[in-house]
Amino acid sequence: MILDPEDLGPRETYKFLTASVVPRPIAWVSTVSADGVNNLAPFSFYTVASRDPATLVISVGERTDDQAPEKDTLRNIEDTREFVVNVVSVSLANAMHESSLNHAPEADEFRAAGLSAAKSELVAAPRISEARISTECRLDGIIPIGSDHLVLGRAVRFHILDDLYKSGRVDLEALDPLGRLAGNYTKLGGIFNLPM
Ligand SMILES: Cc1cc2nc3c(=O)[nH]c(=O)nc-3n(C[C@H](O)[C@H](O)[C@H](O)COP(=O)(O)O)c2cc1C
């Protein structure tokens, strides 16, 4: 079968994209507003944009309600030029889900999700203290693309639990990352090398 995105239309194309680019990692992004309100939201349109300098990229879509012209994450990053990307371990999945719901801009989403904010070293945006890896980022640039905005962040600090980092390797079993499928989720089902 061959499908033309023009025929499918935006909604079906979105469904196809999110079911074919799988599994996706989830950037759990913490920011702080110009007024000092902490914000948290997950983004699965996420990857490494450059290895040197270490740069991450997320894609922020349009807001689906009428509360504000853009998502709080994008507005906060535009205002402060800083953010933190936290890894979602399976044990934090429900808190991540809670933080994805539309909260008023003045709501502290750490509190709403039952999480605590830890001070970052170089950026004003806090880390999630329960996250096993967090990366402090400084904004490198924002590229509008169609309905979305690509947000590029230069990694300036990595935080990882001591027990998870030995001899330059991350213990992925202990990290236990949550993956995004279409509308649902997955977790590690085994780690192996190729050829099998
Ligand atoms: C697992 C997961 C992944 C998501 N990925 C994205 C994404 O890549 N881009 C996006 O714009 N929204 C994504 N969302 C929706 C945002 O998290 C949601 O719109 C959130 O309310 C935005 O919060 P904010 O206004 O505080 O920035 C995702 C939601 C979930 C649950």
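Trainee: What should I know before I start?
Mentor: The model is predicted, so local features need pLDDT of at least 70 and side-chain atom pairs count only at pLDDT 80 or more, while totals for chains, interfaces and linings use all residues. Residues are numbered from 1 along each chain as its sequence is written.

Trainee: OK, the sheet. What is the order of the strands?
Mentor: The order is β2-β1-β5-β8-β9-β4-β3, in an open sheet of 7 strands with antiparallel pairing. The edge strands are β2 and β3 (46-51), and each pairs on one side only. From one strand to the next the twist averages 35 degrees. Strands are DSSP runs of E with at least two residues, helices are runs of H or I with at least four, and both are numbered from the N terminus. Two strands pair if DSSP finds at least two bridges between them.

Trainee: How many bridges join β8 and β9?
Mentor: Strand β8 (residues 133-145) and β9 pair over 12 bridges, in the antiparallel sense. Glu136 stands opposite Arg157 in β9, Thr135 has Phe158 as its bridge partner, and Ile142 is opposite Val151.

Trainee: What sits between those two strands?
Mentor: There are 2 residues between them, as β8 and β9 form a hairpin. Gly146 in the turn has a positive phi of about 55 degrees.

Trainee: And the other neighbours of β8 and β9?
Mentor: β5 and β8 run antiparallel and are joined by 5 bridges; there, Val84 has Glu136 in β8 as its bridge partner. On the β9 side, 6 bridges join β4 to β9 (residues 148-160), again antiparallel. Leu56 is paired with Gly153 in β9.

Trainee: Which strands does α2 touch?
Mentor: α2 packs on the sheet and touches β1 (27-32), β2, β4, β5 (82-87), β8 and β9. The direction of α2 makes about 55 degrees with that of β1. Axes are lines fitted to C-alpha atoms, for helices over the stretch in contact, and angles run from 0 to 180 degrees between N-to-C directions. Contact here means that C-beta atoms, placed from the backbone, lie within 7 Å.

Trainee: Which residues of α2 are buried?
Mentor: Asp72, Thr73, Leu74, Asn76 and Ile77 are buried. Buried means that 20 or more other C-beta atoms lie within 10 Å of the residue's own, exposed means 12 or fewer, and partly exposed is in between, with C-beta atoms placed from the backbone. After α2 comes Arg81, whose phi is positive, near 65 degrees.

Trainee: What about α3?
Mentor: α3 lies across β1 and β2, and runs at about 105 degrees to β2.

Trainee: Switching topic. Is Glu82 buried or exposed?
Mentor: Glu82 counts as buried because it has 21 C-beta neighbours inside 10 Å. Glu82 lies in strand β5. Leaving aside residues up to four places away in sequence, Glu82 touches Val123, Ala124, Ala125, Cys137, Arg138 and Leu139. Glu82 and Glu136 are 54 residues apart in sequence and 7.8 Å apart in space, C-alpha to C-alpha.

Trainee: And Ser50, how does that one count?
Mentor: Ser50 counts as partly exposed because it has 13 C-beta neighbours inside 10 Å. Ser50 lies in strand β3.

Trainee: How many residues has the largest nonpolar core?
Mentor: It has 32 residues, and those with the most contacts inside it are Ala27, Trp28, Val29 and Ile58. β1, β2, β4, α2, β5 and α3 each supply at least two residues of this core. A nonpolar core is a set of buried Ala, Val, Leu, Ile, Met, Phe, Trp, Tyr and Cys residues joined through C-beta atoms within 7 Å.

Trainee: Last one. Which residues are closest to the ligand?
Mentor: The closest are Ala41, Phe45, Gly61, Thr73 and Ser100, among 17 residues that surround the ligand. A residue is near a molecule or strand if its C-beta atom, placed from the backbone, lies within 6 Å of it. β2 gives the largest share of the shell, 4 residues.

Trainee: What kinds of residue are in that shell?
Mentor: The shell divides into 6 nonpolar, 8 polar and 3 charged residues.

Conventions:
Nonpolar A, V, L, I, M, F, W, Y, C, P; charged D, E, K, R; others polar. Contact = placed C-beta atoms within 7 Å.
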